[in-house]
Amino acid sequence: MAKYSDDELIAALAVARGDARSILVVGLRRSLGDGGAGVARELAQPNSGEAGYVRAAAIRTLASRAGATATALFAERLSDRSMEVQLAAADALAEVGTDLASVAMLSWLERKLLRPTRAANWDPDELRSTLRYANRHGSVLNRLAQLIDAHESQLQDEEHAWLVEVWPDWRKAAHADSGAQPPNTAALAEPMIEDHRGRVDMEELWAQWEANTLDPVLRLAQRRMSH
């Protein structure tokens, strides 16, 4: 059951500053009410005046609250000036995006692979999010495999090893081999870079985050509003 309402978190946003804004936006993922999705959509826009990390949080909240109906917005934000927003949009498309974003998603990965500075600032979720998206829309898999085949030299060692592990038949798919098997969906759900925390209970983690992070931010905002 939701612990917070959209209304109280949205009201707190009116007085919150800095990191507190992103914390409240994250809280809207699970709050109760009809206003959360609309506020997240507004904050995700490039002209919202928010910092990239706040708009990235809004993208992730919108994925939770609006799902596939926000596909067009997520696809647009793949071209955002903020890398944080781009990665959040790619993750949102991997989770809930429809096949209407396939061209935007593949084009985004190609841009990431071809940028001259990639070796210095690549992100594991560039390839992982695109493959997760393609795996949900099977018709996209062969096109993704062909893109990877064309730019294989741009993959980092960690990406290449991960790709072979989660999708052994990617080369077959690139050459339209009808016997090619799809990626291992369970393996795709795991991060590319090993998380040494082991298995995490997400509900317990969320409850701890609410108690230790969201509650103090909300209480401070409410004190400010009462003065």
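Me: What pattern does the chain follow when read along the sequence?

Reply: Taking the model as what it is, a predicted one, the chain reads α-α-α-α-α-α-α-α-α-α-α-α-α-α along the sequence, and its secondary structure comes to 14 helices and zero strands.

Me: What makes the chain as compact as a globular protein of that length?

Reply: The globule rule gives 17 Å for 227 residues, and the radius of gyration of the chain is 19 Å, which is close to that value, so the chain counts as compact in that sense. Along its principal axes the C-alpha trace spans about 65 × 35 × 35 Å. Of the contacts between residues at least 6 apart in sequence, 66% join residues at least 24 apart, and 46% of the 227 residues count as buried.

Me: How do you know that the buried residues of α1 line one face of the helix?

Reply: The buried residues of helix α1, which covers residues 6-13, are Asp6, Leu9, Ala12 and Leu13. Seen down the axis of α1, these buried residues fall within an arc of 135°, and therefore they line one face of the helix. Their cover includes α2 (19-27), α3 (36-44), α4 (52-66) and α14 (202-226).

Me: Why is Met225 called partly exposed?

Reply: Partly exposed is the range between the buried limit, under 20%, and the exposed limit, over 50%; the relative accessible area of Met225 is 38%, so Met225 belongs in that range. Met225 is found in helix α14, and, not counting residues up to four places away in sequence, it touches Ala11, Ala12 and Val15. Met225 and Ala14 are 211 residues apart in sequence, yet their C-alpha atoms are 8.8 Å apart in space.

Me: Why is Ala173 called buried?

Reply: The relative accessibility of Ala173 is 3%, and buried means under 20%, so Ala173 counts as buried. Ala173 lies in helix α12, and, with residues up to four places away in sequence left out, it touches Asn142, Ala145, Trp167 and Ala180. From Ala173 to Ala189 there are 16 residues in sequence and 21 Å in space, C-alpha to C-alpha.

Me: Is Ala176 buried or exposed, and what is its phi?

Reply: Ala176 has a relative accessibility of 54%, and exposed means over 50%, so Ala176 counts as exposed. Ala176 sits in the loop between α12 (170-174) and α13 (185-188). Its phi is near 55°, a positive value in a residue other than glycine, whereas most residues other than glycine have a negative phi.

Me: Why is Ser48 called partly exposed?

Reply: Ser48 has a relative accessibility of 24%, which lies between the limits of 20% and 50%, so Ser48 counts as partly exposed. Ser48 lies in the loop between α3 and α4, and, leaving aside neighbours within four places in sequence, Ser48 is in contact with Glu42, Leu43 and Arg55. The C-alpha atoms of Ser48 and Asp80, 32 residues apart along the chain, are separated by 13 Å.

Conventions
Residues numbered from 1 in each chain as written. Predicted model: local features only at pLDDT ≥ 70, side-chain atom pairs only at ≥ 80, totals over all residues. Heavy atoms only, no water. Buried < 20%, exposed > 50% of the residue type's maximum accessible area, 1.4 Å probe, protein only. Helix = DSSP H or I, 4+ residues; strand = E, 2+ residues; numbered from the N terminus. Arc of directions from axis to C-beta. Contact = heavy atoms within 4.5 Å. Rg over C-alpha atoms; globule rule 2.2 N^0.38 Å.
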